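Please open the model in your viewer and keep the selection panel at hand. The stops below say what to select next and what is to be found there.

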2 protein chains.
Amino acid sequence: MGGHEPRPKIQGKEVSGTSSVLNAFFNPRGVAVIGASDDPKKLGYEVFKNLREYRGGRVYPVNPRREYVQGVKAFKSVLEVPDPVDMAAIVVPKKFVKQALIECGERGVKAVVIITAGFSETGPEGARDEEELVRIARKYGIRIVGPNCVGVMNTRADLNATFIMPAKKGSVAFISQSGALGGAIIYKTVKEKVGFSKFVSVGNMADVDFTDLMEYLANDPETTAIALYVEGLKNGKRFMEVARRVTKVKPVIALKGGRSEAGSKAVASHTGSLAGNFRVYEAAFRQAGILVADTIDEMISMARAFTQPLPKGRRVAVLTNAGGAGVLLTDQLEARGLRLADLSEGTREHLRSFLPPIASVRNPVDTTAGARGEDYYECVKALMRDEGVDLLIVACVVPTFAGMTPTEHAEGALKALREVRSEGIEKPVLAMFMAGHVSEKAREVLEGNGIPTYERPEDAAAAAEALVKYAAIRLNVA
Amino acid sequence: MGGHEPRPKIQGKEVSGTSSVLNAFFNPRGVAVIGASDDPKKLGYEVFKNLREYRGGRVYPVNPRREYVQGVKAFKSVLEVPDPVDMAAIVVPKKFVKQALIECGERGVKAVVIITAGFSETGPEGARDEEELVRIARKYGIRIVGPNCVGVMNTRADLNATFIMPAKKGSVAFISQSGALGGAIIYKTVKEKVGFSKFVSVGNMADVDFTDLMEYLANDPETTAIALYVEGLKNGKRFMEVARRVTKVKPVIALKGGRSEAGSKAVASHTGSLAGNFRVYEAAFRQAGILVADTIDEMISMARAFTQPLPKGRRVAVLTNAGGAGVLLTDQLEARGLRLADLSEGTREHLRSFLPPIASVRNPVDTTAGARGEDYYECVKALMRDEGVDLLIVACVVPTFAGMTPTEHAEGALKALREVRSEGIEKPVLAMFMAGHVSEKAREVLEGNGIPTYERPEDAAAAAEALVKYAAIRLNVA
């Protein structure tokens, strides 16, 4: 069960149809940038520049007033592009969007990202213009992401159909109803070395919405979990139906903006959505098996946990080389309804046999700061083998010995995990390495081996909680 | 009121006496490192290396088996050091600590940091040895920090009497009962470019404790707020008495480890303290005017707010260029009992006069992502002048125009603040700049001008909450 088995397909009538069309947004054979520009002041400059990194097909600049854009032969219209074009990104001024969309339809383009703003978010007139775009799209069988959005990314193919920097590669798909906030999260995660498989800024959700994307991503082998920043939903009933099916095969984590009364009013003036009563949303999300996050970091921390197998229970073992780190982590775990595992007599005796006398062999196991990598190796083996442990969190601060980096602790833990996994022990493991730059190498080593690694007790605890809660969801509905 | 006025002195019997002795830990005329070493595997190597950066006096290596340590003439004993020695750091093996302390006493050293471990944290025998150290100290009039600690820092004087990297300079004093966790927090904050005025790892608190340090720091002009990581207190009554006085002049923020039952047990095996019931601690802290933080980041975020003047109420204005950022910040503010200010008709009309039609001129004021620095300049002026606003949070994500950095927004906000402050408007301002590396320059510009700058809505909201709560504490007790 969990991240290591092949994911079952969703059973449902329209999944394959939707998926194959949406796939054009993420793996197009060719992409046209309508409004590609040579002027660095324009978004069409950034979008085309970003898309030139795409590895899955050719990218064509469309600009009626230029022969070349960024040194590439330009086309006057998407109609003139000779080769397959599955996707177009539209970044022209608003008055030209309709014509550009019609030409996409005539050209047979099936996936269109409309970055241009000025539609339903501006009032009734803009809403009417947006409805017209939808009518055109329906006529031609086009799916639209946007308008008024940042765009779409598929990091595994180096597809960046946005005007912002590319996300780091990872296994979480992130869908944001706020483009600018979504962008800020991409920048933040790049800095924090946290990655995504796909990113979609859904903008006004004139057509493609959370529901469509959840359905598509449920079948995406590159995505282990789906994270949503939601302000308001348009078709709540369909969202719930699909979410119930998707959460049976893949975890979905939602952060709801507009929880408070004032926040809800802010949502209304932002996306024009009815934020609705948060309690209603929260209850609905839980009913559909969606995990609810309170903050951006909690959402991402939870979603990142699912490279690990699911736990069989809620009994957590904590290994630490700093008492205080173990204490804060324990507080956070217990506040979230998890339990510290009672270690067996045998485990404690074994730990006692090699740890120094001042070490604590009760859970949290505190090696004290003088412990080395080999101590972590032995401790991780012992804790993973203890039948009373469902999930292990390996915490580490800067050790107090020469050189003072926790990289050897990370390596010791990984060596132990390889051994116990070869014994058939499949339990989830998370890491909490706390010392800023000094633990960066250790974190990279762990992440490179698929161990989700956090810096803060609350983030590690949220990840553990997500694994335990989702395990319960899977067991209930499987 | 607040960070801009000279801090009143504490009225109390023993403050000056304690302060003058404790001052030797932070501004010693000379420092001896007993156990200074040439062997990079030893802590005595790091401690001496770190102390060589000290600008306030000379630093002397003491090592009976070396003529030179790290190229500096060494002394066989602290008794042989010719010049003034106000402080000694002891890093010798445990069996030599007693003799080293006696020699400090004979030499007239008044402040001794005992880094060496193996005392009360190890059991009854270690506790007896620790009691003996205290008896020796009392006899000679020595104050001890430790034993079993990381040491002491005074960043303003480049004094780093620890074996870890120096903290960044700042105005928050941080006292940690967990050395290794304290160290991890120093590394973390260096990475995050957050600074401290002083750092003390109190270790076993054989002598100098939270209470002594709070008293000292209350009079420290380089410290605007005091942050405590507390596992357990030894003399609760005295702590409460002093905290009540200190919080009248300076904010104290505490993070309590061992809040949960399991966490409390972990505390017992860590520092040997009775963590006690968290509700009891929490009630006592609040009664003493101490602000209670839930996480490390919350503690630091709250403490950093106090470079700002105190607000006259809880009505917060939010300026943002991303709707989603404004929504999440609003949710966090309201969850913490703050209120979004109702902007005056005049303010809204004025904002409407220069912001684009799709901007929201209700609070949160959302300029949308196309806004420039001059828009932020105008908005900040208008919001600061609005009499219904007690506190302003300037939020910003990556703007969508050429160059795409929010630095000009930071500069626009600062220019506006200079103008309104020259008009006599003294309200606190916090910033939330959210875009990872892209906003780093903007954050530096703001921080360099004394504006506490956060990256996450929950941190900015915690800071605002701290200002509002502490303003109430000051008003109640002043």
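Begin in chain A of this predicted model by selecting the five strands that form an open sheet, which are arranged in the order 2-1-5-6-7 with parallel pairing. In general, the strands of a sheet pair through backbone hydrogen bonds, and the pairing can be parallel or antiparallel. Now look at the two edges of the sheet, where strand 2 (58-62) and strand 7 (143-145) of chain A each have a single partner strand, so that one side of each has no neighbour in the sheet. As you step across the sheet, the twist from one strand to the next averages 20 degrees.

Next, select strand 5 (residues 87-90) and strand 6 (residues 111-114) of chain A, which run parallel and are joined by four bridges. For one of the paired positions, pick Ala88(A), whose bridge partner in strand 6 of chain A is Val112(A).

A cis peptide bond, with omega at about -5 degrees, joins Gly146(A) to Pro147(A). Further along, in the loop between helix 12 (345-354) and strand 17 (365-366) of chain A, select Pro364(A), and check the peptide bond that reaches this residue from Asn363(A), which is also cis, with omega near 0 degrees. In the loop between strand 17 and helix 13 (373-385) of chain A lies Thr368(A), a residue other than glycine whose phi is positive, near 70 degrees.

Now colour chain A by its domain assignment, which gives domain 1 (15-145), domain 2 (151-306) and domain 3 (308-477). The C-alpha centres of domain 1 and domain 3 of chain A are 48 Å apart.

Turn to chain B and select helix 3 (residues 97-107) together with helix 4 (residues 124-140), whose axes come within 9 Å of each other and cross at roughly 5 degrees. Because of that angle, helix 3 of chain B counts as roughly parallel to helix 4 of chain B. On the side of helix 3 of chain B, the contact is made by Val97(B), Lys98(B), Leu101(B), Ile102(B) and Gly105(B), while helix 4 of chain B brings residues including Leu133(B), Ile136(B) and Tyr140(B). Sorted by class, this contact between the two helices of chain B has seven nonpolar, one polar and three charged residues.

For the last stop, show both chains and ask how many residues of chain B are in contact with chain A. There are 66 residues of chain B in contact with 66 residues of chain A. The largest share of this side of chain B, ten residues, comes from helix 11, and helix 5 (179-191), helix 8 (261-270) and helix 10 (296-304) of chain B are among the helices that each supply at least two. By class, the side of chain B that touches chain A has 31 nonpolar, 20 polar and 15 charged residues.

Finally, superpose chain B on chain A, which takes a rotation of 180 degrees with 0.0 Å of shift along its axis and gives an RMSD of 0.0 Å. The two copies are therefore related as by a two-fold rotation axis. The same surface serves both copies, since 100% of the contact residues of chain B recur in chain A.

Methods. Residues are numbered from 1 along each chain as its sequence is written. Chains are lettered from A and ligands numbered from 1 in the order in which they are written. This is a predicted model: local features need pLDDT of at least 70, side-chain atom pairs count only at pLDDT 80 or more; totals for chains, interfaces and linings use all residues. Domain bounds come from an automatic or database domain assignment. Copies are superposed by least squares on the C-alpha atoms of residues with pLDDT of at least 70 in both. Two residues are in contact if their C-beta atoms, placed from the backbone, lie within 7 Å. Axes are lines fitted to C-alpha atoms, for helices over the stretch in contact, and angles run from 0 to 180 degrees between N-to-C directions. Angles under 35 degrees count as roughly parallel, over 145 as roughly antiparallel, 65 to 115 as roughly perpendicular and the rest as oblique. Ala, Val, Leu, Ile, Met, Phe, Trp, Tyr, Cys and Pro count as nonpolar, Asp, Glu, Lys and Arg as charged, and the others, Gly among them, as polar. Two strands pair if DSSP finds at least two bridges between them.
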